[in-house]
Amino acid sequence: MSEEVASSTRSGSAGSSPGGHRRRGGFDFAAARARFFGVLATVVRWACTLAAVLSAAHVVFTLGGANPDNALTRFVAEWAQAVAFGFQDLFLKPADPELEVLLNHGSAALFWLFVSGVSVRILHALGGRSG
């Protein structure tokens, strides 16, 4: 029996996970780190996607001629302004206010999609996983 323990210790299976990650006291820190960054990446992706959807919905409502006094339209417009940051006045005032909304909030939506993709890749890399 002591020969089996000695051989398993020599082969390196004690204290490591099946993926070759080192364990400390039976806890796989690499797996926990990957899980943490995976969850964080999911939260960031959802938050950025929500910001992009709000900006895009504001563009669609504006170009579609939605009633500006409607509660849903007001809600989307207010939140789109909140997530647009510096994009509200990125382009100079064009003659058509609908074009202004399209350019400014459309740019904000694209920005949030870009931030989502880059952030998720970085977080997965920090967690030790690819893509």
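Modeller: One place to begin is Ser-107, where a polar side-chain atom sits 2.6 Å from the backbone oxygen of Leu-103. A polar contact is a pair of N or O atoms within 3.5 Å; within protein, one must be able to donate a hydrogen and the other to accept it, and residues adjacent in sequence count only if both atoms are side-chain atoms. The model is predicted, so local features need pLDDT of at least 70 and side-chain atom pairs count only at pLDDT 80 or more, while totals for chains, interfaces and linings use all residues. Residues are numbered from 1 along each chain as its sequence is written, and side-chain values use heavy atoms, with hydrogens and water left out.

Biologist: Which helix is Ser-107 in? And is Ser-107 buried or exposed?
Modeller: Ser-107 belongs to helix α4. Helices (H or I, at least four residues) and strands (E, at least two) are DSSP runs, numbered from the N terminus. Ser-107 is buried, at 19% relative accessible area. Buried means under 20%, exposed over 50%, and partly exposed in between, with a 1.4 Å probe and protein chains only.

Biologist: What is Ser-107 in contact with, leaving aside neighbours within four places in sequence?
Modeller: With those neighbours set aside, Ser-107 is in contact with Phe-87, Leu-90, Phe-91 and Leu-102. Contact means heavy atoms within 4.5 Å.

Biologist: How many residues does α4 have?
Modeller: α4 has 30 residues. From first C-alpha to last it reaches 43 Å, close to the 44 Å expected at 1.5 Å a residue. That expected span is 1.5 Å times one less than the number of residues.

Biologist: What caps its N-terminal end?
Modeller: Asp-96 does, with a side-chain oxygen 3.2 Å from the backbone nitrogen of Glu-98. After α4 comes Gly-128, which has a positive phi near 90°.

Biologist: What covers the buried residues of α4?
Modeller: The cover includes α2 and α3. Among the buried residues of α4 are Val-101, Ala-109, Trp-112 and Leu-123.

Biologist: Which residues make up the largest nonpolar core?
Modeller: It has six residues: Cys-48, Ala-51, Ala-52, Val-83, Ala-109 and Trp-112. A nonpolar core is a set of buried Ala, Val, Leu, Ile, Met, Phe, Trp, Tyr and Cys residues joined through side-chain atoms within 4.5 Å. α2 (29-63) and α4 (97-126) are the elements that give two or more residues to this core, and α2 has the largest share, three residues. Beyond its neighbours within four places in sequence, Val-83 is in contact with Ala-51, Ser-55 and Trp-112.

Biologist: New topic. How many aromatic pairs are there in the whole structure?
Modeller: A search finds six. Phe-27 and Phe-29 form an edge-to-face pair, 4.8 Å centre to centre with 75° between the planes. Rings of Phe, Tyr and Trp (its six-membered ring) pair if their centres lie within 6.5 Å; planes under 30 degrees apart count as stacked, over 60 as edge-to-face and the rest as tilted.

Biologist: And why is the pair of Phe-75 and Trp-79 tilted?
Modeller: Because their planes are at 55°, with the ring centres 6.4 Å apart. Phe-75 and Trp-79 are four residues apart in helix α3 (residues 71-83), about one helical turn.

Biologist: Which residues form an aromatic cluster?
Modeller: Phe-85, Phe-87, Phe-111 and Trp-112 form one.

Biologist: Last, what pattern does the chain follow?
Modeller: Along the sequence it reads α-β-β-α-α-α, with four helices and two strands.
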